[in-house]
Amino acid sequence: MTIKDKIISWYLSNIYIPKFEIIDKPGYICEHVGGQKEIFLREIAFPENIFVELEKIIAKKQKGKNILYSIGKKFGYRYAISSKFTTIDKMSKKVFLQDSYFLVRYIESVSYGKNLNHKVDYNKRIFNLTAKDYIICRKNGLGYILTSGGIAGIWAYMTCNPAVEGIQTKCRGHGDKRCEVICAPTQILKKRKLRFFEETNLKKLDIDQNYKNINEIREPEFAKHSLKDLIDSKFFKYSQGILNYKNERYFLGDASLFYILEKEIKKLKGGEKILFDISFDYGRNLAEKEEKTQDQKIAGKFVTDYMSALGWGDILVLNKPGKYSVISNHFPWTRWVRDTNFMMFRGIVSGLLSGFLNRKITLKKFQTDLSKGCFSVSLDE
């Protein structure tokens with residue numbers, strides 16, 4: 001059978017078939033690091049619209065844009081470290097440029113954008129990227145987290161220079177034909193009279209020594225369907241590198257984005273509540289697109305299938321007399337557990353249940369547990 005979609009063909013031959021990306025395990029989405037089968041990163045399929053709305057609101061706050069950019073750059077740098085990306089000091093020019101090409105193709109295959117093109121000025125350490133419909137910024141014209149910030153973090157790591165920053169010079173969200181980003185050492189950006197944000201505190205972003213054991217893939221108890229299952233069944237649509245459900249777009253990202261986002265957003269007054277409310281509205285609106293039902297079993301099954309397939313762990317919904325509880329075993333873990341209150345996760349699940357059951361359900365309480373060797377999160381009204 002001929003696969004006409006070139007992006008799907010590239011993804012299957014270069015990522016899924018060699019098992020670089022694991023999407024066939026309920027509760028888990030994982031990416032093998034540098035092709036090494038024994039090392040992997042936990043990933044989550046994040047809803048684009050949560051980030052679209054978050055950037056809109058946070059960017060209006062004092063220092064909001066700086067915080068959003070900082071989140072993105074730290075995430076990009078962390079992802080590059082964790083994935084053992086090539087660094088310019090350890091590889092030949094030829095290998096470095098080849099790996100840069102592979103990275104861009106990978107980004108294209110996991111729903112970040114279409115028709116990505118890039119240029120590298122090896123001697124000046126400049127990276128230019130253009131794309132059609134790049135994630136998030138295409139809808140809000142901002143893109144601080146994953147466009148300018150995220151790409152800058154990766155390039156800063158690859159060029160061994162924390163003082164590399166990124167700036168988006170064109171954006172579909174502003175009516176341009178393509179999105180365009182330039183990443184370069186700050187002195188070059190200044191010479192070009194480009195205004196940019198700075199984030200050079202990139203220490204302690206590596207993987208903790210307990211990461212592998214805690215996040216190890218285990219047999220789920222409640223979840224029955226993986227992301228691959230839901231793509232095969234047409235629940236999710238995957239076409240031209242884009243993952244969709246009910247006209248909502250998703251992108252695969254290292255789960256550290258969830259933790260870094262929550263850790264940094266706390267620095268902004270009211271930031272956590274904003275994140276919860278946006279996530280809640282997203283979950284509720286999504287549930288309201290489903291067939292109308294107040295059946296508790298149907299609502300619980302949807303939350304289990306949907307959230308587990310997106311990589312949030314092995315999910316179970318319980319209805320304790322008059323109140324709901326949600327358990328996620330094998331929740332993606334990083335050492336920043338103590339810095340998060342699980343606002344996005346609690347918000348999405350609270351919104352889903354509220355939308356299905358036609359009453360406001362707010363999972364205000366949470367507990368965490370590591371006693372069984374894996375990480376579990378329990379939510380309660």
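A disulfide is a pair of cysteine sulfur atoms within 2.5 Å. Welcome to this predicted model, in which local features need pLDDT of at least 70 and side-chain atom pairs count only at pLDDT 80 or more, while totals for chains, interfaces and linings use all residues. Residues are numbered from 1 along each chain as its sequence is written, and side-chain values use heavy atoms, leaving out hydrogens and water.

**View 1. Cysteines without a disulfide.** The count of disulfides comes to zero. Cysteine 160 has its closest cysteine sulfur in cysteine 183, 15 Å away, which is too far for a bond. For cysteine 179, also in no disulfide, the nearest cysteine sulfur belongs to cysteine 137, at 3.6 Å. Buried means under 20% relative accessible area, exposed over 50%, and partly exposed in between (1.4 Å probe, protein chains only). Cysteine 179 is buried at 3%, whereas cysteine 160 is partly exposed at 40%.

**View 2. Strand S14 and its partners.** Strands here are DSSP runs (E, at least two residues), as helices are (H or I, at least four), numbered from the N terminus; two strands pair if DSSP finds at least two bridges between them. S14 (residues 376-380) pairs antiparallel with S12 (residues 323-329) over five bridges. S13 (residues 365-369) also runs antiparallel to S14, joined by five bridges. Look for aspartate 380 in S14: serine 325 stands opposite this residue, and lysine 365 has aspartate 380 as its bridge partner. Six residues lie between the strands of the S13 and S14 hairpin, where glycine 373 takes a positive phi near 90°.

**View 3. Tyrosine 101 in helix H4.** Helix H4 spans residues 93-109 and contains tyrosine 101. This tyrosine 101 is partly exposed, with a relative accessible area of 45%.
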